[in-house]
Amino acid sequence: MLRVLLRSSNLGTAQYDVISLMATPNGHPVAVMRSNAPSEYSWCVLCGFSTVFFASRTDVENYCCKHQFTNFRGGRKHE
């Protein structure tokens, strides 16, 4: 059985840094990411095969709260 550790350092890309790892109410992983380059929608939330983009961290936090995502783990906080 292959077991992969889910860490923020494993998910970052050249364009995005993982800020936080969360979980859905069902325990599925959620990644909150921020673009390295300035853009109108520099924040995104990855959940399953979906990516939702946002203009601000406040919008991300409201989305995560509305969908009851929990368990912030690791990452860095950017304002």
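# Reading the calls in this model

Guide: Welcome! A search of the whole structure finds one salt bridge, and the structure here is a predicted model.

Visitor: What makes the pair Arg 57 and Glu 61 a salt bridge?

Guide: Their closest N and O atoms are 3.0 Å apart. The cut-off is 4 Å between a side-chain nitrogen of Lys or Arg and a carboxyl oxygen of Asp or Glu, so the pair qualifies.

Visitor: How do you know how far apart Arg 57 and Glu 61 are along helix α2?

Guide: Arg 57 and Glu 61 are four residues apart in helix α2, which means that about one helical turn separates them.

Visitor: Let's turn to the cysteines. How do you know how many disulfides there are?

Guide: The search of the whole structure finds zero. Take Cys 64: the nearest cysteine sulfur is that of Cys 65, 8.8 Å away. A disulfide needs two cysteine sulfur atoms within 2.5 Å, so Cys 64 is in no disulfide. Cys 65 is in no disulfide either, its nearest cysteine sulfur being that of Cys 64.

Visitor: Which residues make up the largest nonpolar core?

Guide: It has ten residues, among them Cys 64, Ile 19, Val 30, Trp 43 and Phe 69. The elements that give two or more residues to it are β1, β2, β3 and α2. A second, separate core of six residues includes Tyr 16, Leu 21, Met 33 and Cys 44.

Visitor: What makes these sets cores?

Guide: The members are buried nonpolar residues of the listed kinds, joined through side-chain atoms within 4.5 Å.

Visitor: What makes β1 and β2 a pair of strands?

Guide: Seven bridges join β1 to β2. Pairing asks for at least two, so they count as paired. The two run antiparallel, and one of the bridges links Asp 17 with Arg 34 in β2. They form a hairpin with five residues between them, where Gly 27 in the turn has a positive phi of about 90°.

Visitor: How do you know how covered β1 is?

Guide: Seven of its eight residues are buried, and β1 is described as mostly covered. In the chain, buried residues make up 28% of the 79 residues.

Visitor: One last stop: why is Ser 42 called buried?

Guide: Ser 42 lies in the loop between β2 and β3. Its relative accessibility is 10%, and the cut-off is under 20%, so Ser 42 counts as buried. Leaving aside neighbours within four places in sequence, Ser 42 is in contact with Tyr 16, Met 33, Arg 34, Ser 35 and Phe 54.

Visitor: Where does Ala 55 sit relative to Ser 42?

Guide: The two are 13 residues apart in sequence and 6.0 Å apart in space, C-alpha to C-alpha.

Methods: Residues are numbered from 1 along each chain as its sequence is written. This is a predicted model: local features need pLDDT of at least 70, side-chain atom pairs count only at pLDDT 80 or more; totals for chains, interfaces and linings use all residues. Side-chain values use heavy atoms; hydrogens and water are left out. Buried means under 20% relative accessible area, exposed over 50%, partly exposed in between (1.4 Å probe, protein chains only). Contact means heavy atoms within 4.5 Å.
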